[in-house]
Amino acid sequence: MASIDLTIFWAGIIGFAVMAYVVMDGFDLGIGILFPSLAVGDERDQAMNSIAPVWDGNETWLVLGGGGLFAAFPLAYGIILPATYPLMIAMLLGLVFRGVAFEFRWRDPRHRPLWDVAFCLGSFVAAFTQGVTLGAILQGIRVEQDAYAGGWLDWLSPFSLLTGIAVVIGYGLLGATWLIWKTEGSSQRHARRVTFWLALATLAALAAVSAATPFLAYDYWRRWFAMPGVLLTAQVPLLVAICAAALFWGLKREFERLPFVMALAIFLLGFVGLGISIYPYVVPRAVTIWDAAAPYSSQVFMLPGALVIIPIILAYTGWAYWVFRGKAGVHGYH
Amino acid sequence: MFDQFDPVVLARAQFAFTVSFHFIFPAFSIGLASYLMVLEALWLKTGRAVYLDLFRYWLKIFAVVFGMGVVSGVVMSYQFGTNWSVFSTKAGPIIGPLMAYEVLTAFFLEAGFLGVMLFGMNKVGRRLHFFATCMVALGTLISATWIISVNSWMQTPAGYAINAKGQFVPAGSWLPIIFNPSFPYRLVHTVIAAYLTTAFVVGGVGAWHLLKDRANAGARTMFSMAMWMAALVAPIQILAGDAHGLNTLEHQPAKVLAMEGDYQPSPNGAPLILFGLPNSAEARVDYEVSIPHLGSLILKHDPFASLPGLVDFPRENWPPVPIVFWSFRIMVALGFAMLGIGLWSLLARFRRKLYDWSWLHRAAIMMGPSGFVAVIAGWVTTEVGRQPFTVYGLLRTAESHSPLAAPAVAASLIAFVIVYFFAFGAGFYYLLRLMAKPPGSGEPPPPPMPQRAAGITPAPGVVAPAGAGR
């Protein structure tokens, strides 16, 4: 049936938007997280300049993910957001702070320390709350009669805090590897050092989250370990191990681009892993994508917009990254 | 500690706060985008440097305003779900796609043209740059069209059916949904309001610099242009508002009656209540000052036409009358004050004293922010007047909210207030500083610093001359 195809299509678009958001805003949030470790002056200016041209384009995927969820899966939007209410508010406020810091940091040198703090704190809060939200969704949301039926702190658990920390560390890794690629001199050396420790921490966090997930109430373990699916799912941790090895190797050989690409690959594999755990639910064990989908006519109505505009956005994003392919200097790209 | 508050009231306060704050920026950037287009067109046509100077002067301000609009807009795309999840679930199949188009339009506009407009003059040539400016102006208008369509559908829902889950779904074609009965009126009224808001900011800034230096060519030109807008567009806006009011009387009579303070029916023609204290408990206006028959003349274009009263409607369907009554009066008073400034400027122009009458300039400075106040007051009138419904007549506000806990909503409301005043307060400070500088001749283009307000605008790479990087 055509409508079922469109539901999968829309789930794919929103999954893609979320993934694009996570990897792209991930590295620039990561730079905010690493900001206190960078020296005031050249190192911070270089780091900021390396993401200045692209960060807001990165962030707009969050609007597309949120707006798309609302439009294509209104029921899921109406369940997940109230369930993670304080997290969403904190994330938005963090992003507001950090967004205006980009703008205002350059307007008055006397105010710069203040906006640096806002930038770092906002980035940390946004990353942490995104991670906690992921944990909250994985551990399950109480749904009764198509509505959220829990309290306003149900999301809080050791597991969700663990995923929160994991995402902060992972974004930090993306940021550090990005800096290896995009900066030079002391910034780059510093980024190499932290990348080593952050990569170890990311793998540890990934292992901890993976180990904890099967102990959640649902049958995640069956999806991962039952035959014959295990032949496929086992490839995910295997590939993670290969990517991690390549990352460390690239770091040791002082390659500039490989660590970032491998960090991205690890994130992608993590995302595939989440897909294996969750699909076809949007709210695990409660609401499938078909339960949550908007009616067929709404899906069709949005189709031209998605098919025309998203490719243009992608082409333009690619072009923007191409324009800024070099090293970021203290005064911007050159 | 917040348990004694009603979470629904808190959620409404939060939404009102965040959306009002957000609305300020597009109200300015819609008008400013069109103004920039006009300035660039005039420059291309006449070749006069003053237009290019003004274009660059206002372009820097536009970048900051647009950026703050995007940052505050990100919040809005999540506020529907966090605070109004039941509404989102039920109305999502209809308003979700419209809002998705709004987001995609904004996306498209930023991705394609904002960067060129901000930083690309030397790179792409005059014609292509002007095209980009036009597309940005068009994009802000298309964005406004979608979001006004959403809002209008909530006021005058049309073209819907209700499915087994209780959701509003399209009954067939999307055209009656998009072009619902109040949409054209609201769109015209809102877009003109954005133009007037910008005109008065531009006029106020021009007047400020005229008071300091009457000979400043940029200040003279922007003041003159703004005063033409005030003189020509303020009357059009009053007519558009009147037409919008008639439309509202047809579809949401209770809202209009609350705006007018008409509790009791007036079979022989309603008076126009100028002032008074609405008293909903007693269903009358205390200390009423009114002009007989003028109310009916305005609303029905016939002084003796009968009008119903709020008492003809069930009390549980009344909007909060005093808020609507007062916000409406603030909006109308400011509208007429704008008209007054426009007429005053015509007189000054007629006597060739437009740049000399310092009291006119002082008044224009006072009226500089009037557009924002009027826009917010008008927004309050229409949104509070929609109460007690989110989808008018069909879905009550009391049945639309998320399963909320008062402490969470109160804490987040306080956090929003603090963060917004801090973050956007700093933004306003920087904006005022930009406006405090007089427009000079040879106004430099936006500096090649990472000030990308929004969009994937490849700034330094496009503008920085070779070797400027380091």
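Two residues are taken to be in contact if their C-beta atoms, placed from the backbone, lie within 7 Å. Helices (H or I, at least four residues) and strands (E, at least two) are DSSP runs numbered from the N terminus. The structure is a predicted model, in which local features need pLDDT of at least 70 and side-chain atom pairs count only at pLDDT 80 or more, while totals for chains, interfaces and linings use all residues. Residues are numbered from 1 along each chain as its sequence is written, and chains are lettered from A and ligands numbered from 1 in the order in which they are written.

In chain B, helix H11 (residues 321-350) has 30 residues and reaches 43 Å from its first C-alpha to its last, close to the 44 Å expected at 1.5 Å a residue (1.5 Å times one less than the number of residues). Its buried residues (20 or more other C-beta atoms within 10 Å of their own) include Phe325(B), Phe328(B), Met331(B) and Met338(B). Among the elements that cover the buried residues of H11(B) are helix H7 (183-212), helix H8 (217-251), strand S3 (272-279) and helix H13 (370-386) of chain B. Arg352(B), with a positive phi near 60°, follows H11(B).

Helix H9 (253-260) is also part of this cover. The axes of H9(B) and H11(B), lines fitted to C-alpha atoms over the stretch in contact, come within 7 Å and cross at roughly 70°. H9(B) is therefore roughly perpendicular to H11(B) (65 to 115 degrees, on a scale from 0 to 180 between N-to-C directions). Lys255(B), Ala258(B) and Met259(B) of H9(B) make the contact with Val321(B), Val324(B), Phe325(B) and Phe328(B) of H11(B).

In chain A, helix H11 (residues 235-252) has 18 residues and spans 26 Å between its first and last C-alpha, close to the 26 Å expected. Val240(A), Cys243(A), Leu247(A) and Gly250(A) are its buried residues. Seen down the axis of H11(A), these fall within an arc of 95°, so they line one face of the helix (the arc being that of the directions from the axis to the C-beta atoms). They pack against helix H8 (186-212) and helix H12 (258-278) of chain A. Leu238(A), Ala245(A) and Lys252(A), on the other side of H11(A), are exposed (12 or fewer such C-beta atoms).

Helices H5 (residues 85-104) and H6 (residues 112-139) of chain A pack at about 150° with their axes 7 Å apart. H5(A) and H6(A) are therefore roughly antiparallel (over 145 degrees).

Note on methods
Angles under 35 degrees count as roughly parallel, over 145 as roughly antiparallel, 65 to 115 as roughly perpendicular and the rest as oblique.
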